[in-house]
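Open the model in your viewer and keep the selection tool ready.

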Amino acid sequence: MEVTIRRAEKSDCPTLLSLIRELAEYERAPNEVTVTLQHFEESGFGAAPVWWGFVAETEEKVVGFALYYIRYSTWKGQCLYLEDFLVTNEYRGKGIGSLLFERVIKEAKEKGFRRMVWQVLEWNEPALNFYRKYQATLDGEWINGIIDFTS
């Protein structure tokens, strides 16, 4: 199976939203995805993009993606924040996740970011094991704080 990793394009947005919904299902939060396609497209491909991404494609079908944005650390400087990372269920275990993750690492290094940061749910053992292969530091000390303005 040939896999291509390429930059996400505006035309990928409907598929990306579908994969984001798949990720939300997996993370036991299916009703939390409320972003509209229009907002998603504008945020990634409008006049002032705030996110960028890569897709994994095989047989002309997008089977995975990684979406990131730039986060600033007053201690470290600019960091790549990996917001979402998913390979659809039927294509897991085929090395696609590694290709995608390594492309994001390359992007962070090419752009001179000081680090790459992401979150993973504490119960998601497959993801935790995947990240451990990269000698990632998995810090359980910090607690997420959220104020939701959409309610």
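Helices (H or I, at least four residues) and strands (E, at least two) are DSSP runs, numbered from the N terminus. This is a predicted model: local features need pLDDT of at least 70, side-chain atom pairs count only at pLDDT 80 or more, and totals for chains, interfaces and linings use all residues. Residues are numbered from 1 along each chain as its sequence is written, and side-chain values use heavy atoms, with hydrogens and water left out.

**Stop one: Glu27**

Select Glu27. It sits in the loop between α1 (13-26) and α2 (37-45). Now show its contacts (heavy atoms within 4.5 Å). Leaving aside neighbours within four places in sequence, Glu27 touches Leu121 and Trp123.

**Stop two: Trp118**

Move to Trp118, in strand β5. Trp118 counts as buried because its relative accessibility is 19%. Beyond its neighbours within four places in sequence, Trp118 contacts Tyr81, Leu82, Phe101, Tyr131 and Ala136.

**Stop three: a pocket**

Select Phe101, Ile105, Ala108, Lys109, Phe113, Arg114, Arg115, Met116, Trp118, Tyr134 and Ala136. These residues line the second largest pocket. A pocket is an open set of points on a 1 Å grid over the protein atoms alone, where a 1.4 Å probe fits, with protein on both sides within 12 Å along at least five of seven lines; lining residues have an atom within 4 Å of a point. Which helix gives the largest share of the lining? α3 does, with 4 residues.

Note on methods: Buried < 20%, exposed > 50% of the residue type's maximum accessible area, 1.4 Å probe, protein only.
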